[in-house]
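The following exercises concern how two parts of a protein chain meet. Please study the sequence and the structure before reading the solutions.

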Amino acid sequence: MYILGIESTAHTFGVALVDENFKILVNIKDTYTTEKGGIIPLEAAKHHREFAETLYQKALIDAKINEKEIKAIAFSNAPGLAPCLIEGMKFAKLLSKKLNLPLIPINHCIAHLEIGEITGAKDPVLLYASGANTQIIAYEAGKYRIFGETLDVGIGNFIDNFARYAGMGFPGGPKIAVLASKSKNYIELPYSIKGMDVAFSGMLTKLNQMLNSKKYSLEDLSFSLQETAFAMLVEAAERALAHTGKKELLLGGGVACNTRLQEMCKIMCKERNVKFFVPENSLLVDNAGMIAYLGLKMFKKGIFTQAKDIDKIDIAPRQRTDDIKVLWK
Ligand code: ATP
Ligand code: FE2
C-alpha cells in the first residue's frame, strides 16, 4: 500500500509516494520562481493549479503503481499562503472523492521536523531555517515546543529580501551563497539575539543602506550577511541544546541547504559533543516526500479523516507548531 503526499504551502507544488515501510518512492515538484521580485501568492497558486495533475500522473508512472493502490492522501493544510494552500486542498479532496480515500491534513513545519528521522536523529533540537520560518524546536511532553524564533521575518525571507533589493530574483538564498563564497572580508552588521529569539530587520535595513552607498561589494555584503545571521542561529541553537540537555542537533528548512550554515553548526556540535544531522537537500526544501512520510506515520496510528467527512477539513494558514498535539509518537 502507498500513501500519496501533496505539498502546496508556498512556492512549491510537490507530489510524493511512500510505501508502507517509509521508503520514499517518488518525490517530485515544480517550484514557482521569478527573475525579478518576490513571490506573488495568486501567481504561485495559479502555478500549482497548472502543475497538479501532470505531477500526479508523473508520480504514478515513476513509481510504477496504479492509483488504486493508494491507501490515503496526506496534504499540507497549514501554515502557509492561503491561495496556495487552497489549491493543494482542492486537489487532495478531488482525488479523495474520486478514489474514496481518507485524507490526512499535515502541518508543514512538523513535516520538516519529522523527516529528520530519516537521517537517524532520535530526539533532536531542530534548527528550522526556511523562508517564512525560523524556529528552534524540540519535543517535550506531547508537543513540539518552540524554544526560540524570529521576532520579525524568517531568515530565508530576510535573505531573499536583500537579494531582491540587490536586483536578484526569487529565491535569492542560493545566489547570495555563491556571492558570499567569493569573499572573506567581514563587515560588522547588527547582531540581534535575545535568549533564543532572533531578529533580522535591523540587519536588513543596514545592508540595504550599505548597498545604496555603493561603498561595499555585493560579495562582501553577502559574506557578512551569512556570517552574522548564521552565527545568531547557531548561538540560539546552542542555548537550546544547553537548556534542554538534548544531545542531537537537526537542521531543517530550505536555508539549511546552505553549506556554510551546515559547517558552522557542525563546529558548534563538535565542541559541545553533540551529534549533528542534516537530511539531503531534496528533503530540506519544501517537498511532498516529508508530507507523505508524516502522513504514513499518522495513518498507521489511525489519525485520518474518512472520505465521507472531508468537508470538515480546511486550511489553517496561521497554525503554529505548538498548536498540534503529537498523537503519532
Ligand atoms: P516554510 O514554508 O517552511 O517557511 P518556504 O516555503 O519558504 O518555507 P523552503 O523551501 O523550506 O520554503 O525554503 C526556501 C528558502 O530557502 C528560500 O528563502 C531560499 O532562498 C532558501 N534557500 C535555498 N537554498 C539556499 C542556500 N543554499 N542558502 C541560503 N538559503 C537558501
Ligand atoms: Fe518549508
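Domain bounds are taken from an automatic or database domain assignment. This is a predicted model, in which local features need pLDDT of at least 70 and side-chain atom pairs count only at pLDDT 80 or more, while totals for chains, interfaces and linings use all residues. Residues are numbered from 1 along each chain as its sequence is written, and side-chain values use heavy atoms, without hydrogens and water.

**Exercise 1.** State how the chain is divided and how far apart the C-alpha centres of the domains lie.

*Solution.* First, read the bounds: domain 1 comprises 2–112 + 284–323, and domain 2 comprises 122–281. Next, take the C-alpha centres of domain 1 and domain 2, which are 27 Å apart.

**Exercise 2.** Describe the contact between domain 1 and domain 2.

*Solution.* First, count residues in contact (heavy atoms within 4.5 Å): 17 residues of domain 1 meet 25 residues of domain 2. Then consider buried area, the accessible area (1.4 Å probe) that two parts lose on being put together, summed over both. Between domain 1 and domain 2 this area is about 1,600 Å², and carbon and sulfur atoms give 62% of it.

**Exercise 3.** Identify the residues that form the salt bridge across the interface of domain 1 and domain 2.

*Solution.* First, apply the rule: a side-chain nitrogen of Lys or Arg must lie within 4 Å of a carboxyl oxygen of Asp or Glu. Across this interface, the rule finds 1 salt bridge. Finally, name the partners: R320 pairs with E149, with the closest N and O atoms 3.2 Å apart.

Conventions: Chains are lettered from A and ligands numbered from 1 in the order in which they are written.
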